[in-house]
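Visitor: Could you take me through the aromatic side chains in this one, slowly and with the cut-offs included?

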Amino acid sequence: MVEKMLSRSVRLMFVGSVAMGAGLLAQTAAAQEAVQRVEITGSSIKRIAKEGALPVQTLTRKDIEQSGATNVADLVAALPAMQGFITASTSVNGGGGGVQTASVHAIGTEYTLVLLNGRRMAPYNTGSAVNLASIPLSAVERVEILTDGASTLYGSDAIAGVVNFILKKNQTALELEATINKPKESGGQSSNFAISKGFGDLEADGFNIQMAYSHDEQKVLKATQRKFSNSGVHKFSEDGKEYAIYQTSINSNPANADVYDSLGNNVTFSPLLVNSGKCSGENTFERGGVCRYDYAATVDLIPELKRDSFFSSGSVKLGKETTLFGEAVISRFTNTARFAPPAQPLTTMSTDPVTGVKSVNPAYIGAYNTSVAPLLAAQGINPADVTDAYFYYRAHDAGGRADAYKTDAKHFAVGIESNLAGWDYTATYTHSENTQKDDAVSGYMSANTFDALVKSGAYNPYILNPNAQAILAPAVLKQTLGVVKSKIDVLSAHTSKELFQMTGGKASFGSGIDFTKQSYNDAPSELSQGPGPQHPTWTDTIIGGGTGAQPLDATRQNWGAFGELLMPVMSNMDVTAAVRYDSYDAVKKNNASYEPSGTIAAPGTLGNSASNATYKLSARYQPTQNLLLRGSYGTGFKAATMNDVADPLKNGGSSSFFPCPITNPTDARFLYCRGEQEYGLLTKGNAATGANGLKPEESKQSALGFRFEPTSSLSVGLDWWDVKLRNQIQSLSQDQIFTNPALADKFISIYYDPIQKSNVLVATLSPVNLASSHYQGLDWDTTYKNSSSIGKFSANWSGTYMLKAEQDVPGVGVESSVGRFDSYDQVTFRVISRLVMSLKSSDQFTNSLTVNYRSGYHDKYIGAGDGQLRSVNADGSLGSYAGLARDVESYMTFDWQLKANVVKNLTITGGVRNLFNQDPPLTIRNTGGGNQVGYDGRYTDPLGRTFYLTGNYKF
């Protein structure tokens with residue numbers, strides 16, 4: 001009902017506002033105001049700071065403080081125009097890797113450009129996506145969000161839009177600020193402290209130096225601290241029937257045995273359960289003759305986060321028109337993500353189904369003979385007939401797996417800006433780099449050390465041992481698993497000038513050129529690489545990790561040039577035309593790697609070079625003082641990233657659960673199926689050249705909008721936007737490969753897993769120019785202000801209504817993610833809105849109430865054969881596997897804040913986020929947000945009602 005009301009409100013607002021605007025077209029144009037010329041995000045030309053032809057949303061420092069956000073990622077995530085970004089929760093075994101990003105209109109992180117003071121930052125990979133965790137919120141003065149493509153100005157990767165963080169400058173006061181956030185329930189407390197000081201006034205003294213330091217901490221929130229996520233078995237009601245989410249694992253503590261014989265018999269059982277009649281391992285329960293492990297009870301909902309940031313900037317006037325400037329940002333961000341102990345199927349013996357050759361692992365055969373073989377006769381299997389034996393092991397006593405992702409970011413820029421003969425110009429050199437380390441904190445084990453412990457009899461994976469933690473301690477890894485360094489060096493020069501007189505004023509021209517060198521070095525540890533043809537003497541692997549990585553050392557250069565002409569064709573109408581040319585060299589790979597066949601891929605130039613010209617046309621028309629109309633049309637271009645091209649073959653982790661993808665029983669691959677299970681994933685870049693290589697992605701963007709202000713108290717804005725992408729570079733999704741027999745036949749192969757020490761089925765994912773996409777929606781922004789006897793009231797309602805978010809994959813078809821999961825397990829919300837109301841009752845007190853809303857969506861369908869949902873019997877016990885199609889409810893939260901200017905220079909702000917303690921809506925299948933169960937951490941906040949208090953003092 002709420003969603004329908006909001007949708008209807010959007011339509012009514014649009015129709016009503018257009019009608020009011022039409023009635024004012026005959027009014028006379030307003031006189032232009034004489035205000036300072038500034039550079040606006042989305043344009044290279046300094047001009048009057050007013051509503052322009054492109055939709056730019058601005059968050060002032062007041063807006064930032066009113067949001068209650070404690071970090072940049074949370075601030076951006078709360079904006080209605082943002083969808084499809086990476087959150088901190090995805091680092092909990094969800095592929096996030098300690099990264100938090102921005103994404104405009106669900107088009108994707110890789111299509112959204114993040115700038116710092118209008119300049120690029122080093123990405124966390126080889127594209128342009130920036131880890132927002134590297135930006136200190138306390139140093140941010142304002143944020144400008146361009147929700148339209150800006151490729152012609154900023155380069156090929158600004159297709160969806162631009163997020164520009166403008167840092168504080170020309171501040172002289174000493175400012176101290178501290179914040180503490182405390183949820184009503186246990187876990188998840190956070191705090192931050194910031195200090196900043198400026199020296200000198202640029203205009204009065206000819207210089208200004210700004211310095212700031214901040215420290216932020218987020219304590220861990222564990223799944224067991226919230227009732228909606230504390231177990232993988234979660235009961236709920238749907239349409240009058242009782243169900244239970246059943247996301248548990250057969251990899252258990254102690255291990256379950258899986259045995260096959262030559263007669264075609266198979267039995268899976270728990271030796272502990274057979275011997276003792278119960279499952280007494282921690283977080284385990286009996287089901288179907290085995291002990292299953294409740295992994296969801298062991299994970300983090302929010303990982304532990306720490307950030308230390310230092311920011312410094314300086315400006316000095318070299319003359320009346322010339323200023324030399326520089327800035328530096330240095331930060332260290334640590335994301336410690338904890339999830340379930342290692343879940344590892346391991347092989348005791350196996351018989352190749354093709355050759356008939358039987359292999360026995362000497363490390364595990366002793367424990368098998370002691371704990372499994374004597375029980376087989378009672379299970380209906382003759383030990384002499386056994387051909388294959390595996391054990392499904394959970395290394396509970398090694399501790400939960402924990403990765404400490406440490407990102408050291410360094411960003412430096414120096415430049416000069418001046419005016420010469422009426423030309424405004426700026427020249428800048430930027431050096432920016434990220435170094436990310438993945439340190440194993442707990443849980444991961446050395447396979448060689450583990451094997452030695454089992455072989456010696458010191459450790460038996462089939463039994464409980466009170467001393468197991470001490471026994472396994474020598475095998476637990478405490479080392480760096482890999483180091484990734486990304487670096488960019490940019491030289492740029494921009495200039496602009498008013499050129500000639502037109503009917504509406506002087507035409508202005510802007511142009512620029514930039515040169516970029518990008519470097520990327522991925523250095524996995526010896527254990528992360530593991531045994532292989534490149535290291536024939538290495539034998540060790542990681543139990544619970546991703547052995548099978550290869551290093552990559554790559555560089556690439558590119559340059560671009562643009563021109564922009566702003567033409568005031570009438571006194572109330574501006575037209576802007578911009579064109580850009582980009583050229584990308586082919587990727588230079590500086591190290592050797594190995595192909596699946598074992599052959600060496602030598603260093604050299606890989607993939608195609610790419611170049612293209614793009615353009616953008618935009619117009620701003622103000623027929624009356626009260627009404628502004630605007631529109632734009634442009635093209636975009638995005639080259640393949642270095643990872644897309646040069647990534648060597650490496651382990652891509654595990655798939656979701658799927659039935660056997662090979663349907664032909666005579667196919668040799670069919671013999672490696674074990675029913676519903678996870679399968680291995682391999683990834684590899686596409687280094688081909690010519691027609692077989694990767695082509696650049698191309699886009700077309702258009703927008704139409706208006707801003708209507710019938711009174712000085714009311715302002716209504718609405719923008720329709722449309723983005724079309726073709727030749728999108730991506731891999732097929734897991735759903736597409738594992739559920740489409742033709743695709744499975746092409747991409748699934750037999751692979752020797754060095755951890756399991758046996759052949760397994762894997763899918764190889766490699767990027768191609770696969771798809772075309774179409775995104776379309778409405779952004780609205782309405783502001784009302786009024787003064788009365790009780791104070792100054794203001795309200796701002798902003799939101800996004802998605803009309804389309806669909807992708808067309810040849811051979812698969814068109815699929816939409818609006819209000820549903822797509823095959824890549826992404827959801828695009830139909831409506832996201834934010835209503836902020838504030839009342840300033842005096843110079844001392846301001847109250848604010850914020851309403852946050854996300855529409856509901858269709859949950860991921862679970863079939864009875866998926867084994868992840870059960871019916872619940874009348875007595876409360878779990879029944880048979882069930883299938884269910886359902887909807888996830890809409891999500892609405894309220895935030896309240898009181899800001900008090902207690903004494904001069906001292907401001908105290910207190911508030912409550914999620915005032916009514918609204919739990920996240922239930923989702924029955926979390927497929928992309930990490931290992932959390934019961935809700936989707938990508939889209940909701942698990943903290944619940946949270947109190948916060950901020951103190952700010954200026955000296």
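This is a predicted model: local features need pLDDT of at least 70, side-chain atom pairs count only at pLDDT 80 or more; totals for chains, interfaces and linings use all residues.

Visitor: To begin with, are F391 and Y393 buried or exposed?

Guide: Residues are numbered from 1 along each chain as its sequence is written, and side-chain values use heavy atoms, leaving out hydrogens and water. F391 and Y393 are both buried (buried is under 20% relative accessible area, exposed over 50%, partly exposed in between, with a 1.4 Å probe and protein chains only). Together with Y364, F450, Y459 and Y462, they form one aromatic cluster. Rings of Phe, Tyr and Trp (its six-membered ring) pair if their centres lie within 6.5 Å; planes under 30 degrees apart are stacked, over 60 edge-to-face, and the rest tilted. By this rule there are 25 aromatic pairs. One of them is Y246 with Y881, edge-to-face at 6.0 Å centre to centre and 65° between the planes. Y246 belongs to strand β13 and Y881 to strand β51 (residues 878–881), so this pair ties together parts 635 residues apart in sequence (strands are DSSP runs of E, at least two residues, numbered from the N terminus). Y246 is buried at 1% relative accessibility, while Y881 is partly exposed at 36%. As for F391 and Y393, their ring centres are 6.3 Å apart with planes at 65°, so that pair is edge-to-face. R870 lies over the face of Y246, 4.4 Å from the ring centre, and also over the face of Y881, at 3.9 Å (the rule asks for NZ of Lys or CZ of Arg within 6 Å of the ring centre and within 35 degrees of the ring normal).

How values were computed:
Helices (H or I, at least four residues) and strands (E, at least two) are DSSP runs, numbered from the N terminus.
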